[in-house]
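Colleague: I have some questions about the labels used for this structure. Can we take them one by one?

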Amino acid sequence: VTNPGSYSVTVFDIAGCIGRDTVQITNFVPAVVNLGPDRSICAGSSTPLTAPGGMTSYTWSTGTTGVSTISVSTAGAYAVTVVDPNGCTVRDTVNISIDPLPVVNLGANYDICPTDQTTLNAGTGFVNYAWSNGGSASTVSVGAGTYSVTVTDINGCQNSDAITIGTFAAPPVNLG
């Protein structure tokens, strides 16, 4: 029998006696396992992969067993095989890729005259700039101090850099 339904049998023995029995066959609907669409994560971060709860067993391609959620931080194809309470085995796979962090470089520390201003440039091509002094453009004009910027690229990845702007010693002045 390969289809669900009600199946009956009637038998007759040589004495003319009749025996009957009926059995109901149902197909179990296997659990749905969906790790989601393929996705990218930023270098240095991780993402959880979650199979549905309530399964009899979980076997991940990483070798992890017995848990419905794992965290991954490297590129690759990750699969989970689950056995549901009805004994059905279901598998799903998701591909994870790694987006590199944006490169931001404010340069080496340097000195300026005590009353001067200088312009710091975080570069172009980022979707967001968050300067420690509250600035949100690619450049800021500052005096002496320590400043940092965090940039965000189109993939949502972030990276930071910092710089210290010192001051030259004021030249001695003696008007006599």
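Colleague: Are Phe126 and Tyr129 buried or exposed?

Modeller: Both Phe126 and Tyr129 are buried. Residues get that label because their relative accessible area is under 20%. Keep in mind that this is a predicted model.

Colleague: How many aromatic pairs does a search of the whole structure find?

Modeller: The search finds 1 aromatic pair. Its members are Phe126 and Tyr129, with 5.7 Å centre to centre. The limit for ring centres is 6.5 Å, so the two rings count as a pair.

Colleague: What makes the pair of Phe126 and Tyr129 edge-to-face?

Modeller: The angle. There are 75° between the planes.

Colleague: Why does Tyr7 count as partly exposed?

Modeller: Tyr7 has 31% relative accessibility. Buried means under 20% and exposed means over 50%, so Tyr7 falls in between. Tyr7 is found in strand 1, residues 5-12. On the surface, Tyr7 also forms a nonpolar patch with Val1 and Val23. Together they have about 280 Å² of accessible area.

Colleague: How do you know that strand 9 and strand 14 pair?

Modeller: Count the bridges. Strand 9 is joined to strand 14 (residues 158-167) by 3 bridges. Pairing takes at least two, so these strands pair. They run parallel. Tyr110 stands opposite Ile165 in strand 14.

Colleague: What is the order of the strands in the open sheet?

Modeller: The 4 strands have the order 9-14-13-11, with mixed pairing. Strand 9 (110-112) and strand 11 (128-131) are the edge strands. Each of them pairs on one side only.

Key. Residues are numbered from 1 along each chain as its sequence is written. This is a predicted model: local features need pLDDT of at least 70, side-chain atom pairs count only at pLDDT 80 or more; totals for chains, interfaces and linings use all residues. Side-chain values use heavy atoms; hydrogens and water are left out. Rings of Phe, Tyr and Trp (its six-membered ring) pair if their centres lie within 6.5 Å; planes under 30 degrees apart count as stacked, over 60 as edge-to-face and the rest as tilted. Buried means under 20% relative accessible area, exposed over 50%, partly exposed in between (1.4 Å probe, protein chains only). Patches are made of residues with over 30% relative accessible area and no salt bridge: like charges are joined within 9 Å, nonpolar side chains (Val, Leu, Ile, Met, Phe, Trp, Tyr) within 5 Å. Accessible areas come from the Shrake-Rupley method with a 1.4 Å probe; for residues, only the protein chains shown count as cover. A salt bridge is a side-chain nitrogen of Lys or Arg within 4 Å of a carboxyl oxygen of Asp or Glu.
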